[in-house]
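Please look over the sequence and the structure shown here before reading the notes that follow.

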Amino acid sequence: MKTNQTAIAARGLRKSFGSHLVLNGIDLDVTEGTVYALLGPNGSGKTTTVQILSTFLSSDSGEVRIAGHDLLKEPEAVRSAIGVTGQFSAVDNLLTGEENLLLMADLNHLSRQEGRRRAAELLERFDLGDVAGKLPITYSGGMRRRLDLAMSLVGSPRIIFLDEPTTGLDPRSRKTMWEIIRDLLAGGVTIFLTTQYLDEADELADKIGVLDQGKLVAEGTVAELKRLIPGGHIRLEFADFARLETAAHTLGDVSRDDEALALTVPSDGSVRSLRALLDRLDSEAISVEGLSVHIPDLDDVFFALTGQPKNQKVGK
Amino acid sequence: MSSFSYALRDSATMLRRNLRHAMRNPFVTVGTIMTPVFMLVLFFYVLGGSIVGGLNGGAKGSTEYLNYLVPGIILMTAALGAEFTALGVNSDRTENIISRFRTMAISRGSLLTGHALANVIQTLISVTCIIVISLLMGFRPNAGLVEWLEFAGLLVLFALAIAWLAVPLGLIAKTPSGANSLSLIIGMLLPFFSSAFVKPETMPDWLRWFVENQPFTSVLETLRSLLTGTPVGNNWIYAIGWSVGLIIVGYIWARWVYNREPSH
């Protein structure tokens, strides 16, 4: 295994809870200074993977090296190198935001002065200065998540694990979190995140692993993965069969659903392609009853990779 | 720094955290003082006359009974520390911060040690309050300086035993109310079935056997002897032996529960 460039290397990770097999042989390689996104639906084993890689759980079998240290033989060295932000916020509700950060500074064995400096810097960076002296119960969801992440960064970890960093956040907080993650990456750290959202992986990740029922079913760059996914499409509905016939004839490359009086036209979902499509229909004076734009999402990835939509899988 | 000095530093950090919690959420602390005060008032003013009457043929609550009762109330105060510790440990568990500590490079037992030490400080404060109130009510101990120091020493040892038994209970319980119920076995049941309120000689034989041989009675009789000069016999040996034994058992149990795979 390479250790100087590989931040995370895992071979053959397996884990069962009782008779329930959660991870069924996972191999991972994450290059230093990159973002790796583990993409999958609930119950696919994302959280379990993060928990094993971050020393929280032990695997039943498999070999892991984090920052060059063997996970089993040198767990303390691994813990010194990582920062973990779990799916559920792990802040101390009886300490203020600032006290939470100072607690982390003490536990990271920073000097008092260094701890204060680091806490102040993180409060400023994560826009928590105004609420530094307040208890986290008074925080919004986004603020809590930022404090949670800030606490994981006090020890200046080289590798950061983020388990579903934006689940449950409103769109604006989500964008803020993406900004933060990009900033972190610019600082040279390695980020391993899990997500249920293709657009999030698309935005952030250098490499994406698609996890399904405890197995990596695909892995690659965003571009590589997108080639596996069927493109988006526009669905057109018509009032009667004659119009459907004409439209199908005019547009050519379409799939027909005669019963629903609908056509599916491949499209990248952009406004330009949509306008072009409507112009062509207009020029033939074909009136359209209904129209919907479908952009590829996780369902499509799953459908393409596993042959079944993700919402049919049973989550834990 | 060596791993031992890290362990000390991390434990001190966790202790400071717990003391800050106690100050910020004083209801638990106040509760562990109010309950024994309530018991003191109940047993001395409400039931005291009947209890003493039963013994001496009719009398109001006397200094003699108060001197008998107060060491029992002190024992109960210390035992109620179990509630303080179990609730504190359990809220760390249910609020998820334990998950964070588990993935950090900190001394493994420091979180638990911090809770145990916080309980010792909490117990010393509560017991001081109880002693002041008792003195105002007419409690008249005859302990000298040496006896007071020995009293404090045994109290610290006993508070550690209580804390180390309560830590695993707080880790096992899935909810705060579960932690509370489990801790009350230590905090209420064992003090009541001891020689805290009445003499074991007045109890049926089977109960008397339990009361005389359970760990809290030997601790209580030793505390009582140090404060009011009652005969101690072998009790002090058992008191120290039980306390140290319970600390060891509780510590091993707590570390085992903490280190085992987190339940899913």
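A residue is called buried when its relative accessible area is under 20%, exposed when that area is over 50%, and partly exposed in between, using a 1.4 Å probe and protein chains only. By that rule, buried residues make up 48% of the 316 residues in chain A. This is a predicted model, in which local features need pLDDT of at least 70 and side-chain atom pairs count only at pLDDT 80 or more, while totals for chains, interfaces and linings use all residues. Residues are numbered from 1 along each chain as its sequence is written, chains are lettered from A and ligands numbered from 1 in the order in which they are written, and side-chain values use heavy atoms, leaving out hydrogens and water.

**Chain A**

- Chain A has 11 helices and 14 strands, where helices (H or I, at least four residues) and strands (E, at least two) are DSSP runs numbered from the N terminus.
- Taken along the principal axes, the box filled by the C-alpha atoms of chain A is roughly 80 × 45 × 35 Å.
- Of the contacts in chain A with a separation of 6 or more, 66% are between residues 24 or more positions apart, a contact being heavy atoms within 4.5 Å.

**The interface of chain B and chain A**

- Chain B brings 26 residues to the contact and chain A brings 35 residues.
- About 2800 Å² is buried between the two chains, with carbon and sulfur atoms giving 55% of that area; buried area is the accessible area (1.4 Å probe) that two parts lose on being put together, summed over both.
- The rule for salt bridges (a side-chain nitrogen of Lys or Arg within 4 Å of a carboxyl oxygen of Asp or Glu) finds 5 of them across this interface.
- Arg16(B) forms a salt bridge with Asp106(A), and their closest N and O atoms are 3.1 Å apart.
- On the side of chain B that touches chain A, α1 (3–24) and α5 (97–102) of chain B each supply at least two residues, and α1(B) gives the most, with 10 residues.

**Nonpolar cores**

- A nonpolar core is a set of buried Ala, Val, Leu, Ile, Met, Phe, Trp, Tyr and Cys residues joined through side-chain atoms within 4.5 Å.
- The largest such core has 114 residues, and those touching the most other members include Leu101(A), Ile191(A), Tyr65(B) and Phe101(B).
- Helix α4 (residues 63–94) of chain B provides the largest share of this core, 15 residues.
- Leaving aside residues up to four places away in sequence, Leu101(A) touches several residues, among them Ala119(A), Leu122(A), Leu147(A) and Val154(A).
- A second, separate core of 29 residues includes Leu13(A), Leu28(A), Leu57(A) and Leu211(A).
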